[in-house]
Each structure stands twice: as C-alpha cells, then as structure tokens.
Amino acid sequence: MNALVELRGVSKAFGGQLVLDEITLQLERGAITTLIGPNGAGKSTLVRVILGLLKPDRGERVSRANSIGYMPQRLHIDQTLPLSLLRFMTLAHRDSAHCRATLARVGLADEIHQQPLHQLSGGQLQRAMLARAIVHRPELLVLDEPVQGLDIAGQSSLYRLIDELVAELNCAVLMVSHDLHVVMSASHQVICLNGHICCQGMPEQVRSDPSYLGIFGPATAIYNHHHDHSHGDECQHD
Amino acid sequence: MFELLATALGGGLAVALVAGPLGCFVVWRRMAYFGDTLAHSALLGVALSVFFSLNLSVATALVPLAIALLLVWLEQRGGLPLDTLLGILSHSALAAGLVLVALIGELRVDLMALLFGDLLAITRAELWLIVGVAVVILALLALLWRPLINITLNAELAAVEGTAVTAVRSALMVATALLIAIAMKIVGVMLITALLIIPAAAARRLSTTPEQMALWASLLACLSVIGGTAMAWQADTPVGPSVVVVASALFVVATALRRS
C-alpha cells in the first residue's frame, strides 16, 4: 500500500544554512510517527514541508491525504478579534452541532463554548486547537508539540486524549516533540532528526541506537503509556 | 444646497460603510501603519496623475497597489523589519508626492483638499464612482469573509485547511487600496487610517463576534461622517478632520460604555 504522505530526498536551506538534509520518510495510514530532535534540529521546518506549507529546495513531497488536521505549536489570539470558542470551531466547519460535539469530545464543556477565545486557559486552548484539528476527521493529524506549556498532569491527560482520538479516527499521526518524556512507546515509528535523519524505526530500536544516545544520552525517562483502551477493529468509526 | 449636501453625505456614507469591516481587518491584522503607507502613496498617485495627465482615480488606486506589491517583495527579500520598510515606503511616497505637487506649480492641485479631504466638493459623477467601488469592496468582503477571518486567526492553519492564503490576502490588499482611492476625497490622505481604525476600535468594546464588530464599526463610521459633515456645515470647519473628531468622540463614549 502506498504511504499517505511521502518525502523523498527533501532538502531545505535558509540563508545558505542547510536545515533539512536529504530527508526521506513515509507516513503510513493508521500509524503514529513521533518526530524528535533537539532544538534547532529542523523539526518545525520538516513539519511545514510535510504540511505542504513550505516548498523543499530539492526532493519531493507526495501527499495522498485528502484532509489534514493541524495543531500548531501555539495560537496567538489577538484580543481585538472577538471570537468565541464555538465560533473558532464553526470557522472551520459550518455544522455547529458537530462542532459542539467535537468540543465536548476533547473535554470542553458546553458552559465555555460561548467564552471568548483569549480568555481560555492554556490547557483549554490546546484542547480547542486539537478539536479544530480533528473537526474534519482528517486522514493525517499533525501535532506540533501538543502539550507545550502544560503541567505534568495536564500533559498526561492530553496525551491520553490524543491516544483515544487517534484510535477513534484511525488516522495517520505525526507528533513532534523535543520533550522525551513522551509517548514513544505508543508510536509505530520514531524519527530522530538533527538536520538529517539520525535514526528511524520502532521506539525500542531508536532508544538503543548509538546516534540517538549520542544526542539524548541513555538516562532518558520514557513516559509509560496507559492502555485503557484497545486499538482493535472494534473501535467505533462514526 | 440640499443636493450638494446629499451628494456629500451619500459619498461619505458609502465610504463609511466599507471602512467599518475593512477597518476591523486593519485592527485585527495590525495593519494601521500599512494603511498609512498606502494612503500616503495615494498622494503620490495624485501628483503623478496630474504631472503625466493620467486618470486621477486610476492613478490613486494603482500607486498604493504598486506600493503594496513592492512591500511584499521587500519583505520576502528579508533583512529589514516590516515597520522599518513601511516607514521608508510611507514617507518616501509622501515626500515624493509633496515634491511633485510643488513642481506642478500654481493651484492646479488643492493640496489641503488632498491632505484633509473635501467632502463637500465631490461631484455627482464622483459620487457614483465612490458608490460603485464601495459596492465592489463590500461584495468582495462578504464573499471572502470566512477565509479572511481564518487567515487573520492563523495563516498556516488556514493554509492547511485549504484556504488560498495568498489570494485572499491579496484581495484584502486590493480592497484596502481601492478604499483609499475613494476615501481620499472624503477625509484626505492624512486621515484615512483614522476613519479605518477609530470606529473599529470603538466597535470592539461593543461586540462579541467579528460580524457584530464589523456592523458596529460601519454604524459608528456612518455616524462620524454625518456628525462631521454637520459640524463642517455649521461651523465651517474642514470636513475630514471634523469627521475624525466625531469618530474620536464616539470612541470615548464607547469606551466609557464598555461592557467587558
């Protein structure tokens, strides 16, 4: 089966500085890919190439995804723009009942649907962005450091939610993280980036790869995944 | 007398209606300085049109458009921050316009009218042109309303969701340049941005949705035009500044009425 999104030998430079060097990767349907790497490794650039926002200098991007959901690293809400949480959603999807249901699914209760976006807490805003990313039931879900700025409890509950949603939607996922206390064990594929792809493979392989250890060191705690649901075919796809 | 006043008010209200929603985008997208730059370059357009005997309306619309494109190009080349680029373009265009106006010589251009507007001097033909352009801009804004809000919210998110960001952004730029061409008659080059941002800023206090804010801004801009024209008629003050003074007063009232 053809991969959902594919990069072949993609390179990108900014001002003579090579940021991405010969990146080749596949995002498969239904698979979770985690992209890790230190600051300045080119993660955001790679994400923007995968999203089609940035044209590579060399190499090509092939996308067979009909719809992509994107949760940006952060969303700056200008106070001058009066926008309720619900309106934020209906800007992306005209059916407000479906928008309400999606908000409820990510844990944002009815009472705050009419609240101005800029009054939401950090955690609520992350969930709102997640809701907007999934409102079209995308084939590919791209999450750029989704738990950034949350406390530990908030991080793990958001990760749990993302896990559940991925199982429900059965979509391909690309998750970016510079934080290694992360869902590596939930991933089908981990890509360790540092300009070029240092190593790539199953979480266990990557964890013991010399180039991974060279960048991150061996003493890395790995977030333990809570298996409170199954990934089998019995999952609902409504 | 009545017809003169009716023509003036008709033109002023047409511009005010458009200035409402467009002004909201200027506020939301923090384009106030950008609006100034385009407005100042419109003066250069007027000077060029007189100097080379070109059509006035076309020149005053085309020069801001050219400046907008130049700005996009300069920004992509990088190296200087946007506000510096805007400052260079804005004041270069204004200075070049003023120099050119001086070179043209005696009284062929009413500089005060260009700088501060002369609503009471607009002709019937100009009125229809203003109304026509206003209708085109309003139609454009109505058609592109959602994509415009989406690119304002976050351009990359909008692009991933399938919005043609560059096209929508360009449409907004064209609409702004067109409005400046017609608003110059009303409030003049120096005060166009005021008519865009003051009613919109006042409307922010009264609104909980983008649409409400656009409607309030239109309403407040219309009230400013009516009040300013009345003031100019009664007290023989210049129309453009009078309109802006009324707008500022409405802003103060709206701020005082503030509901959070």
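Strands β8 and β9 of chain A pair in the antiparallel sense over 5 bridges; two strands count as paired if DSSP finds at least two bridges between them. Helices (H or I, at least four residues) and strands (E, at least two) are DSSP runs, numbered from the N terminus. The structure is a predicted model, in which local features need pLDDT of at least 70 and side-chain atom pairs count only at pLDDT 80 or more, while totals for chains, interfaces and linings use all residues. Residues are numbered from 1 along each chain as its sequence is written, and chains are lettered from A and ligands numbered from 1 in the order in which they are written.

Strand β8(A), residues 189-194, is mostly covered, with 5 of its 6 residues buried. Here a residue is buried if 20 or more other C-beta atoms lie within 10 Å of its own, exposed if 12 or fewer, and partly exposed in between, with C-beta atoms placed from the backbone. β8(A) also pairs with strand β3(A) (residues 32-36), in the parallel sense and over 4 bridges. In that pairing, T33(A) is found opposite Q189(A) of β8(A).

These strands belong to an open sheet of 6 strands in chain A, with the order β5-β6-β7-β3-β8-β9 and mixed pairing. Its edge strands are β5 (68-71) and β9 (196-201) of chain A, each of which pairs on one side only. From one strand to the next, the twist averages 15 degrees. Elsewhere in the sheet, 5 bridges join β6(A) (residues 140-144) to β7(A) (residues 172-177), and these two strands run parallel. D144(A) stands opposite V176(A) in β7(A). Helix α4(A), residues 122-134, packs on the sheet and touches β5 and β6 of chain A. The direction of α4(A) makes about 170 degrees with that of β5(A); axes are lines fitted to C-alpha atoms, for helices over the stretch in contact, and angles run from 0 to 180 degrees between N-to-C directions.

Chain A as a whole has 7 helices and 9 strands, and buried residues make up 41% of its 238 residues. Of the contacts in chain A with a separation of 6 or more, 71% are between residues 24 or more positions apart; two residues are in contact if their C-beta atoms, placed from the backbone, lie within 7 Å. The chain is divided into domain 1 (1-66 + 139-146 + 174-238) and domain 2 (79-138), with bounds that come from an automatic or database domain assignment. Between them, 4 residues of domain 1 are in contact with 5 residues of domain 2.

A92(A) lies in the loop between α2 (85-90) and α3 (96-105) of chain A. This residue counts as buried because it has 20 C-beta neighbours inside 10 Å. Not counting residues up to four places away in sequence, A92(A) touches R132(A), V135(A) and E161(B). A92(A) and V135(A) are 43 residues apart in sequence and 7.7 Å apart in space, C-alpha to C-alpha.

The contact between the chains takes 18 residues from chain B and 15 residues from chain A. On the side of chain B, α1 (2-28), α7 (145-153), α8 (155-160) and α11 (210-235) each supply at least two residues. By class, that side has 8 nonpolar, 6 polar and 4 charged residues, where Ala, Val, Leu, Ile, Met, Phe, Trp, Tyr, Cys and Pro count as nonpolar, Asp, Glu, Lys and Arg as charged, and the others, Gly among them, as polar.

The largest nonpolar core has 160 residues; such a core is a set of buried Ala, Val, Leu, Ile, Met, Phe, Trp, Tyr and Cys residues joined through C-beta atoms within 7 Å. Those with the most contacts inside this core are L140(A), V142(A), A183(B) and L195(B). Helix α1(B) gives the most to the core, with 14 residues.
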